Amino acid sequence: MHDTLGQNLAALGIGLNRLKEDLKTNVSLMDRIADLEQLTSDTAQRVHYLALELRPASLDDAGLLPSIAAYVEHFAARYGIDADYQNSIHKNISLGPLIDANLYRIVQEALTNVAKHSKCSHVDVVVEGYRGQLILLVEDNGCGFDVDEILNSSNQEIRLGIEGMRERAVLAGGELSIESEVGKGTTVIAKVRCEQLTQ
Ligand SMILES: Nc1ncnc2c1ncn2[C@@H]1O[C@H](COP(=O)(O)OP(=O)(O)O)[C@@H](O)[C@H]1O
Ligand SMILES: [Mg+2]
């Protein structure tokens, strides 16, 4: 995986460099530009899958819910967005390393989208237990968007983040949904089964 990524990126660098050289002599460059575009999109896909496999270190030390709480605090400071963390589960939950990492990444991606797209004044990150499920909500009061339009778009690259969150929820044995209304805001909801919440 790392090898292919490194080779792709090296080839990309060399290709772009030659392109610059050739632009000086004005050769027809369309085919080579198309090759480089293909390589770029292939690399982007691989990075996407690599990121799916990586695991944040803080989870090992602090555990899932404290790591999410710390991330929300870090997010608020970094982006200057008023962000609240609410946890109604008074237990230290662990769903195992893989699932913990996937849930943590869902919160990260949802908050990144809030910062990038929502123009909100406030975001809530809420953790709840309900009927043996762990429910994670990231709820902003920003501009909202047309979820169906984005999910049905033929250009897959414009929803890699949302697809990534969905894949992670499925890898965690759960599901992800998004509720959004233009002008009102967006809520990302992840639900996974949690045995610790049935006891
Ligand atoms: N919280 C949000 N508020 C407003 N729009 C959003 C939000 N989250 C996602 N979107 C919309 O959905 C699109 C797809 O999101 P995503 O798959 O994460 O891709 P990206 O963030 O790379 O654009 C975004 O480009 C944006 O238009
Ligand atoms: Mg995104």
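Two strands are taken to pair if DSSP finds at least two bridges between them. Strands (E, at least two residues) and helices (H or I, at least four) are DSSP runs, numbered from the N terminus. The structure is a predicted model, in which local features need pLDDT of at least 70 and side-chain atom pairs count only at pLDDT 80 or more, while totals for chains, interfaces and linings use all residues; side-chain values use heavy atoms, with hydrogens and water left out. Residues are numbered from 1 along each chain as its sequence is written, and chains are lettered from A and ligands numbered from 1 in the order in which they are written.

An open sheet is formed by five strands in the order E1-E2-E3-E5-E4, with mixed pairing. Strands E1 (82–87) and E4 (175–181) stand at the edges; each has a single partner strand, so one side of each is left without a neighbour in the sheet. From one strand to the next the twist averages 10° (axes are lines fitted to C-alpha atoms, for helices over the stretch in contact; angles run from 0 to 180 degrees between N-to-C directions). Strands E3 (residues 133–140) and E5 (residues 185–193) run antiparallel and are joined by eight bridges. Leu-136 stands opposite Ala-190 in E5.

Helix H5 packs on the sheet and touches E2 (122–130), E3, E4 and E5, contact meaning heavy atoms within 4.5 Å. The direction of H5 makes about 15° with that of E3. Helix H7 (residues 160–171) lies across E4 and E5, at about 145° to E4.

Glu-109 and Asn-113, four residues apart in H5 (residues 97–118), coordinate the magnesium ion (ligand 2) through OE and OD1, respectively, at 2.1 to 2.3 Å. Donors are N, O and S atoms within 2.8 Å of the metal (3.2 Å for Na, K and Ca); water is not among the atoms, so sites may look incomplete. Glu-109 counts as partly exposed at 24% relative accessibility, whereas Asn-113, at 19%, counts as buried (buried means under 20% relative accessible area, exposed over 50%, partly exposed in between, with a 1.4 Å probe and protein chains only).
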